[in-house]
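Please look over the sequence and the structure shown below.

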Amino acid sequence: LLENEQRERRVLVPAAARPMPSSAGLWLLHGDDAWVCALPAVRHYVYDVHPSGAFLSSKTLASSLYLLVSFLFAGRYADAFELASSCVTDSPLSDEEAQLWGCLDHATDAVHP
């Protein structure tokens, strides 16, 4: 969590860490060379924290998809549902976006409590 002098907060997440489902929820896998190869020069995603602290906002499709996958794997289904509408494009997916989209296959393994 980062905060500037104006008390604006941001969350910094490593893009090179592959989100994975686990029995405990979300697990970030580090050191996956194939994952990192699909990333452009970006190695982190930055999310602005709303002044209320209630939600995060993203600036790119890739960062939105990363957050969506993370919410799903963490069992935060309502948050994932709210974010899904910002995960749209009419352009072909980049390698980075495509691998994040592929993570959604693992979301079907989750069993709702």
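Strands β2 and β5 (residues 44-49) pair in the antiparallel sense over 5 bridges; two strands count as paired if DSSP finds at least two bridges between them. This is a predicted model, in which local features need pLDDT of at least 70 and side-chain atom pairs count only at pLDDT 80 or more, while totals for chains, interfaces and linings use all residues. Residues are numbered from 1 along each chain as its sequence is written, and side-chain values use heavy atoms, with hydrogens and water left out. Helices (H or I, at least four residues) and strands (E, at least two) are DSSP runs, numbered from the N terminus.

**The sheet**

- Strands of a sheet pair through backbone hydrogen bonds, either parallel or antiparallel.
- Here 4 strands make an open sheet in the order β1-β2-β5-β6, with antiparallel pairing.
- The edge strands, which each pair on one side only, are β1 (2-3) and β6.
- β1 pairs with β2 in the antiparallel sense over 2 bridges, and Glu-3 stands opposite Arg-9 of β2.
- β5 and β6 are also joined in the antiparallel sense, over 2 bridges, with Val-49 opposite Leu-56 of β6.

**The hairpin turns**

- The hairpin of β1 and β2 has 5 residues between the strands, and Arg-7 in the turn has a positive phi of about 65°.
- The hairpin of β5 and β6 has 6 residues between the strands, and Gly-53 takes a positive phi near 80°.

**Helix α2 and two of its residues**

- Helix α2 lies across β2, β5 and β6, and runs at about 80° to β5. Axes are lines fitted to C-alpha atoms, for helices over the stretch in contact, and angles run from 0 to 180 degrees between N-to-C directions.
- Ser-64 is in α2. Ser-64 counts as buried because its relative accessibility is 4%; buried means under 20% relative accessible area, exposed over 50%, and partly exposed in between (1.4 Å probe, protein chains only).
- Not counting residues up to four places away in sequence, Ser-64 touches Ser-58, Leu-83, Ser-86 and Cys-87. Contact means heavy atoms within 4.5 Å.
- Phe-73 is also placed in α2 (residues 61-73), and Phe-73 counts as buried because its relative accessibility is 7%.
- Phe-73 and Gly-25 are 48 residues apart in sequence, but their C-alpha atoms are 5.5 Å apart in space.
- Beyond four places in sequence, the residues that Phe-73 touches include Pro-19, Met-20, Gly-25, Cys-103 and His-106.

**Helix α4**

- The buried residues in α4 (residues 95-107) are Glu-96, Glu-97, Gln-99, Leu-100, Cys-103 and Leu-104.
- What covers these buried residues includes β3 (18-22), α1 (33-37), β5 and α2.
- Why does Gln-99 count as buried? Its relative accessibility is 16%, so Gln-99 counts as buried.
- Leaving aside neighbours within four places in sequence, Gln-99 is in contact with Ala-34, Trp-35, Ala-38 and Leu-39.

**A buried loop residue**

- Ala-17 lies in the loop between β2 and β3, and counts as buried because its relative accessibility is 0%.
- Ala-17 and Val-36 are 19 residues apart in sequence and 8.1 Å apart in space, C-alpha to C-alpha.
- Not counting residues up to four places away in sequence, Ala-17 touches Leu-28, Leu-29, His-30, Trp-35 and Tyr-66.

**The largest pocket**

- The largest pocket has a volume of about 420 Å³.
- Of the 20 residues that line the largest pocket, Phe-55, Leu-56, Leu-67, Phe-71 and Arg-76 are the closest to its centre.
- On a 1 Å grid over the protein atoms alone, a pocket is an open set of points where a 1.4 Å probe fits, with protein on both sides within 12 Å along at least five of seven lines; lining residues have an atom within 4 Å of a point. Grid points are joined across faces, edges and corners, and a volume is the space filled by probe spheres set on the points.
- β2 (9-14), β4 (25-29), β6 (56-57), α2 and α3 (77-84) each supply at least two residues of the lining. The largest share, 4 residues, comes from α2.
- The lining divides into 13 nonpolar, 4 polar and 3 charged residues. Ala, Val, Leu, Ile, Met, Phe, Trp, Tyr, Cys and Pro count as nonpolar, Asp, Glu, Lys and Arg as charged, and the others, Gly among them, as polar.
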